[in-house]
Every structure is written in structure tokens, then in C-alpha cells.
Amino acid sequence: MTTEAGKTIGVDVGGTKIAAGVVDASGRVLSKVRYPSAGPPETLLANVLRAVREARRGHEDVLGLCLSVPGTVVTERSAVAFSPNLPTIEGIPLKERLEGEIGLPMTVENDANAAAWGEFRFGVGRSARHLVFVTLGTGIGAGIIVDGRLLRGAQGAGGELGHTTVQAEGGPRCACGNAGCFEALASGTAIGRFGGEAAAERPESALGRLAARRRIRGEDVTELAGTGDPVARSVLARAGRWLGVGLANAINTFNPEVVAVGGGAAASGEMLLAPAREEIARRAISPARDLARVMAATLGPDSGLIGAAALAIDPASGEPFLGGTEPVAPSCVSMASNIST
Ligand SMILES: [Zn+2]
């Protein structure tokens, strides 16, 4: 591989912060800085530039960078079309505005796609060629790798599993305007809402007592469930079953070797994943059902930054990856042969 010595920069732009870091070809983070992402577009761009400049200090030999952004990326324009969590970024021609100033080849990628790529190259999916990644937070972000390639679709808007419908009738409202979306039933936000419902039914429970003081959040449920609280555990089991419904659809569609679950809500671990697996066993079809291993993601909050850095250059040629087409996957034939089919 020509990229063994190549260092690149990953920039993870989120709803509240910008994290930029230099990452080496084995996925090691060599430097990292943070800036807020709040403020008008000009402040956002200035903070990205500052973050890149600081992260790059002492690493002048970086080959390129990739900006991971929340929302739907239109590949052709390297711009974000729709971003519910960071509306200021919408419509900015990011590559045009930043690439010349930074002086490095630059690509732009959806944040969940970047995190999926990080897990595929260096995390829980590194021995797989087919990976479904979901990140459970305010919503559900998703990234799909098919035969070593990131699935983008015709415009860059593909792979949005969070907005596939899993409850067509009577489902809860979703941030996208539809109802019954996967993310309205299995995200951290959904866990909080289920927690609020359980608290109303069981006012004497720990959740009920907490709800008397303030609104229940997903983290509250995870924390109480961790202490063994049975009501909180039943809330996680409910969300876990919905997680399984959505993942069964993905398994039937993509036949992945690995399904990686990341994000804040993934801290619930087996309390969420075990009921999801039971639902998958009921709904996914053999042999895809038997192959897919549903596991917690392993890179944690750095997955977006690490994945973005790996999407800055084409790992097959070592040439800067300029966007617009899929990156060519690293050769992992020998690793793939370890997977029994
Ligand atoms: Zn939706």
C-alpha cells in the first residue's frame, strides 16, 4: 500500500463543536483540537480554518483533509443540503470556500458515513467487507459499506436508514416531518420519550419520581437501567426491539457481515442490543440473519474524525481523494476470508 506513511486531517463538524485532528494511515489520532460550531456561517468557516491550522501544526506533511458534516451532503457540490442539527451550514459551498485557503485537497462527507468508514477501516468492522453502521443519538445516523465501498447513492443522500419507516400507522413524529421513522423509535431521543411514557404509567418508579422534577432524557434511562432499575430496563428493551426492527430491514437489504451500533445510546450495551438481536432473529431472513453480527462500535466519539481522515485520500492509490466518486476500498481479501459464510 502506498498510503502507509500518509497522514491526513479529519474534521468532524457537529451540532455544537468542531473537532479537527491529524490521523495516520493506521487510524491513530496524532493531534486534536476543538472549537465551537455555533454562530453565523462566517464564524463557522473561520473556526474550521483555525481548527485545521492548529491541528496541522508540526504535521506539515499531511496529504489532504476531509470535512465530516451533519446532514445530507450533495456530493456534486460538496455542500450540505439539509442539516436539522446545524442549519447554519446549509448551502455553503464548503470545498470552494475552504480548500484554497487551507491549501490541501479536500473532500466533504456526511458525519455518519465518515463514522461508518472509521469503524470499517479501523474499528469493529475492520474484518468485514459489508457493514451497516448506525449511531444512536438525537437521531439515527447511518452509513453503509457495500463490498468495501461507501454507499452514497446518485446524489450523496443514500443510506439514510434513520428515515426509513418502521411503523407506518400511529408512529411518533420524526424531525424530518414524517411519522414512524426508525429514528423516531430507536434513537436516544426516542428512549427519552419512552422513558417519559413509562414514568407516567409508573409514577412510583425511579423514572416516575425523576419525571416529577424534569423531562426524562435518554441518558437518564441508560443510567437508571445500569443500576438495575426494572422499569428503565423495560424501556431499553422496548427501544431495543424497535432497533431490531430497523436493523432487520437493513440486514435483509444489505446482507452485512457486521452491524455496528454506536452513539451515546449505545452505552446501554446489551440491554439494548440483546432485544434487538431477538427481534432480528424473528424478522431477518436466513442466511443473512445468521451471518450478521450485531455489535457495539469500538472507536467511540472519535469515529467521525478518524473516518473522515481516512476518506481524505484514496487508500488504493495514495492519491488525494477529490470526491465525487466512491473511495476504493483497501485490500482486505485476506481478512474477509476469516469470515465464515
Ligand atoms: Zn424521519
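Over which residues does pLDDT stay under 50? The stretch is 323–341, and the model has 37 contacts for it beyond four places in sequence. Where pLDDT is low, the predicted coordinates should not be read in detail. This is a predicted model. Its mean pLDDT is 90. Of the residues, 91% reach 70 or more.

**Zinc site**

Four residues coordinate the zinc ion: H163 through ND1, and C174, C176 and C181 each through SG. Angles among the four donor atoms span 104 to 125°, and the site is tetrahedral. Every angle must lie between 85 and 135 degrees for that label, so the range found here qualifies.

Along the chain, the donors are spaced as H-x10-C-x1-C-x4-C. H163 and C174 are eleven residues apart, and the pair links distant parts of the chain. Both sit in the loop between β10 (149–150) and α4 (183–186).

C174 is buried, because its relative accessible area is 9%. The cut-off for buried is under 20%.

**Two helix residues**

E279 belongs to helix α9, which covers residues 270–283. E279 counts as buried because its relative accessible area is 7%. Its side chain makes a polar contact of 3.0 Å with the side chain of R282. With neighbours within four places in sequence set aside, E279 is in contact with R241, G244 and V245.

L45 is part of helix α1, residues 41–56. L45 is buried too, because its relative accessibility is 4%. Which residues does L45 touch, not counting those up to four places away in sequence? They are I92, L94, R97 and L98. L45 and A308 are 263 residues apart in sequence. In space, their C-alpha atoms are 17 Å apart.

**Accessibility summary**

| Residue | Relative accessibility | Class |
|---|---|---|
| C174 | 9% | buried |
| E279 | 7% | buried |
| L45 | 4% | buried |

Key
Residues numbered from 1 in each chain as written. Predicted model: local features only at pLDDT ≥ 70, side-chain atom pairs only at ≥ 80, totals over all residues. Heavy atoms only, no water. Donors = N, O, S within 2.8 Å, 3.2 Å for Na, K, Ca; no water. Tetrahedral: all angles 85-135°; square planar, octahedral: opposite > 155°, others 65-115°. Helix = DSSP H or I, 4+ residues; strand = E, 2+ residues; numbered from the N terminus. Buried < 20%, exposed > 50% of the residue type's maximum accessible area, 1.4 Å probe, protein only. Polar contact = N/O pair within 3.5 Å; in protein donor to acceptor, adjacent residues only side chain to side chain. Contact = heavy atoms within 4.5 Å. pLDDT = per-residue confidence, 0-100.
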